[in-house]
Amino acid sequence: MDIRIDKRRKVPLYRQIMNQIMSLVNENKLLKGDKLPSERVLATQLNVNRSTIVRAYDELYAQGFVERRPNSGTFILGESSDSFSGNPFFVRKKKTEKDPYVLDLEKMIKQNNTRLINAYTGELPYELIPNISLPSFHWKEFLQEDVSTLGYLPLRKTIQSLMSNMYDYHPKEEEVMLTAGGQQSLVLLMQALLKPGDVVAIEDPSFFYGMSLFESMAIKVVKIPVDQNGLSVDALEEVLQVESIQLLLTNPNFQNPTGSSMSLERRKQLVKVCRKYRIPIVEDDVFGQLSYQVPNPLPLLKKLAPETVIYLGSVSKMLGKRMQLGWIDAPKLVLDEVIKVRDEYESELSVFPQVLATHVLQDRTFNNQLNDLRNHLKENSRYLAKELKSQLGTKVTYHLPKGGYYAWLTYSEQVLTREDWEQFLDNQVAVYPSFLNTENAQSCRLNLARLSKEQLSFFVGRLKLILESIEKDKRLRQELCVNGKNHSVG
C-alpha cells in the first residue's frame, strides 16, 4: 500500500492518509477483505505518531470504508455498494446505542413530571453544588494567563493540596495534567497506551461497561466481579492464567454503580498481583473528594504503587457536570504520550474553566460548603438505611457508601427480569437498574443526592408496592401453570 504524506501541506496528516486510502478503495487497488497495516506499523512507515493513524482508521470506520475485527486488525469493507448498502447517505449504526430502557427513562425525565422520583440521574442537583461568588475579570486577564501543556499551574497546585488533605498524598507538579473531565482522561489514556486487539480488565458491574471506545478501538474487555470489598483479585488472577491483560480499570473509592470501597487488604493484594504481571492500573477516583470521612482512611492505589498506577480525578462531581475538568496523575513518560494524542486531536483544554475552577476551589468558604455537602449525603445515606430496614426488612439488601452519592440495592426474594423493571417506569420511579452494567437484573443504583428525606421515604414505600406487585404476578403465573398441567392431566 503506497501512501505518502507531505508535512508541509495544511491538510491534517490523518486526513491525507484517509484520502489516499479512500482513493485506493475507489480505484479498486484496495479490495474487500484486504488487511490494512497495524497502526504501529503504518506509523513507523510514515514517521508519524500512532495517534495519527488511529484517528485516520477511526474516521474510515465511521464512514464505512473499513471494519475492525477484534484480535485480527482493520480490513477493507469494499466499494460503496458493499459498505453503504446502496445508500450514499448511509451512517454506520453503532452497536453501543443506548439501551431502550434508558431511552424510555430519559424521555420520562424530560417531561418534568412532578410525580417522578428521579434517583437515576448521575449528578448533583444544583441546590447542593457549592455556591461561590466569582470576582470580576477582564478579558485580557484571561488571554494573558500562562498555561503550559500540562494545564494552568495555579489549578494544578490547588489539586495537589486537595490530594494532600484527602489522602496525605502529594503528587508531583510535573506529573499532574489537566483534562476536560474524567471521560476525556480515560479516552486519551486508552488512545495513548493501547492498540487494537489489546485486552482491558474492568469491574463487573461497572460504568466502564458501556464505553463505545472499546468497540471502536477493537479492544477486548474482560469483566472481574466486584463485592463489598471491591474488585475480586482472586478472580483477576484466574483470568490472568488464560488472558494477557494490558490495562486494568478500577474505581476503588465509592465504586460506580455499587458504591463499595476496596478494602486495604484488597488494595495491597491488587497492587502485588499487578506488579507481578506488570499490568498498569488506572485508578478512577472521580468521587474521591466526596468522602464522608476526611482524610480518607484508605490509601490511594497510587500512593501504594506510584510506578504502577495512573490516577484520574475530577472536580465535576463537586462543582457540577458542566464544569468539565479533571486531571491525570501519571509518570512523565505516560503524560508525554497522552499530550501527543491530545494535540493530534486538537483538544487542548480552554483556559477559562481552569481559571474559574481555581477561584472556586481557593475560595475561603469552599471547604465549609463542601463539608456541608458531605454531611448532607452522609445523612441521606443513614436515613435511607433506616427506611429500608423498617419498610422492607430483609427483602432488600443494600450497600451504603462511605462517600459519593450512589447506594446499591439488591432484591433477594426472587429472580427479577428486565420486564419487571417496567413496573418502576409505570410507577414513575427512575433508578439505574443493574442489567445496564451487568448480566443480572437484581439490583439498582440510587442517587442519594437527588432526593430529600421525604422523597426517600416515599421511594422506599413505592419500592415496597412494586416488589409486592411483582411477587403477586409471579404467584399468579405459577398457579396458572399448575392449573394448566392439572387440566392437561385430567
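Contact means heavy atoms within 4.5 Å. The model is predicted, so that local features need pLDDT of at least 70 and side-chain atom pairs count only at pLDDT 80 or more, while totals for chains, interfaces and linings use all residues. Residues are numbered from 1 along each chain as its sequence is written, and side-chain values use heavy atoms, with hydrogens and water left out.

**Exercise 1. The chain as a whole**

Solution. 
1. The secondary structure comprises 18 helices and 18 strands (DSSP runs numbered from the N terminus: helices are H or I with at least four residues, strands are E with at least two).
2. Of the 490 residues, 53% count as buried (under 20% relative accessible area; exposed is over 50% and partly exposed in between, with a 1.4 Å probe and protein chains only).

**Exercise 2. Helix α14**

Task: Compare the reach of helix α14 with its expected span, then identify its buried residues and what covers them.

Solution. 
1. Helix α14 covers residues 332-344, 13 residues in total. The expected span is 1.5 Å times one less than the number of residues.
2. From first C-alpha to last, α14 reaches 18 Å, close to the 18 Å expected.
3. The buried residues in α14 are Val-334, Leu-335, Val-338, Ile-339, Val-341, Arg-342 and Glu-344.
4. Their cover includes helices α3 (50-62) and α8 (182-193), together with strands β6 (176-179), β12 (309-314) and β13 (326-329).

**Exercise 3. Glu-175**

Task: Locate Glu-175, decide whether Glu-175 is buried or exposed, and list its contacts beyond four places in sequence.

Solution. 
1. Glu-175 lies in the loop between α7 (153-167) and β6.
2. Its relative accessible area is 16%, so Glu-175 is buried.
3. Beyond its neighbours within four places in sequence, Glu-175 is in contact with Ile-328, Asp-329, Ala-330, Pro-331, Lys-332 and Leu-335.
4. The C-alpha atom of Glu-175 is 8.4 Å from that of Leu-150, 25 residues apart along the chain.
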